[in-house]
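Subject: Structure handover

Hello,

Please find the structure below. My notes on what was found in it follow.

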Amino acid sequence: MPVSVDEYAAAAALPWARYAMAFENRGTLMGASNPHPHGQFWATESVPNEPARERLAFDDYRAAHGRCLLCDYVQREAQQGERLVCGNDHFVALVPFWATWPFETLVVTRRHLATIEALDNIERDALADVLKRLTTRYDNLFETPFPYSMGVHQQPMRDTGHDWHLHLHFYPPLLRSATIRKFMVGFEMLGSPQRDFSPEDAAARLQAAGEIHYRTRAGVEARP
Ligand SMILES: [Zn+2]
Ligand SMILES: [Zn+2]
């Protein structure tokens, strides 16, 4: 798992850095050249587009409702239950209703906090636990090492006056099998993304995929 609290702290201390992002591309489908888990950590002078858009949404929601957008969202998903994949006392993994990739998921802290540095030791173990369980479900889905881009969205540095709620995104490209992937092209590129099946169906399939890795089930030693 590439998330490094120490690397984040080092980046946060850089006077020019406004953002630090840990991410991982897994599998050749996502451009990864190494077969082993290989995370990257980028620090940037400005806030990248995706977190900048999310910060606007946090601000708008706070102005309208006086609360944190993701705190309210996690609570609502927990009540409804139909898009939940797995979780523990500190994190929940779910298929967000706005997901565009077939098995896209969001991993969110149950507690309101902004950076991985703010996780206590129990929560850090809980993050490792939920990631292990979620990625096992992914691998089990088509009995293949499931490719994805995964990244940690945390608060921009020195960003007082804005809400932020720590979360991770998984964007996996596979659609129907280990080899049939979704292409975000044509109307989806020029108009808007379309779903091939509902977020609720994706969540149900990930729930059914189970947390015993298929290589272990087959009696073969699981690779990390
Ligand atoms: Zn929150
Ligand atoms: Zn995000």
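Read along the sequence, the chain follows the pattern α-β-β-α-α-β-β-β-α-β-β-α-α-α, with seven helices and seven strands. Helices (H or I, at least four residues) and strands (E, at least two) are DSSP runs, numbered from the N terminus.

This is a predicted model: local features need pLDDT of at least 70 and side-chain atom pairs count only at pLDDT 80 or more, while totals for chains, interfaces and linings use all residues. Residues are numbered from 1 along each chain as its sequence is written, and chains are lettered from A and ligands numbered from 1 in the order in which they are written.

Overall dimensions: the C-alpha trace spans about 50 × 40 × 35 Å along its principal axes. Of the 224 residues in the chain, 30% are buried (20 or more other C-beta atoms, placed from the backbone, within 10 Å of the residue's own; exposed means 12 or fewer, partly exposed in between).

Strand β4 (residues 91-94) has F91 and A93 pointing one way and V92 and L94 the other, and all are buried. In a regular strand, side chains alternate between the two faces of the sheet. β4 runs antiparallel to β3 (residues 84-87), joined by three bridges; strands pair if DSSP finds at least two bridges between them. L84 stands opposite L94, and the hairpin from β3 to β4 passes through three residues. β4 also pairs with β5 (residues 105-109) in the antiparallel sense, over four bridges, where A93 has V107 as its bridge partner.

N34 lies in the loop between β1 (19-26) and β2 (39-44). N34 is exposed because 9 other C-beta atoms lie within 10 Å.

Regards
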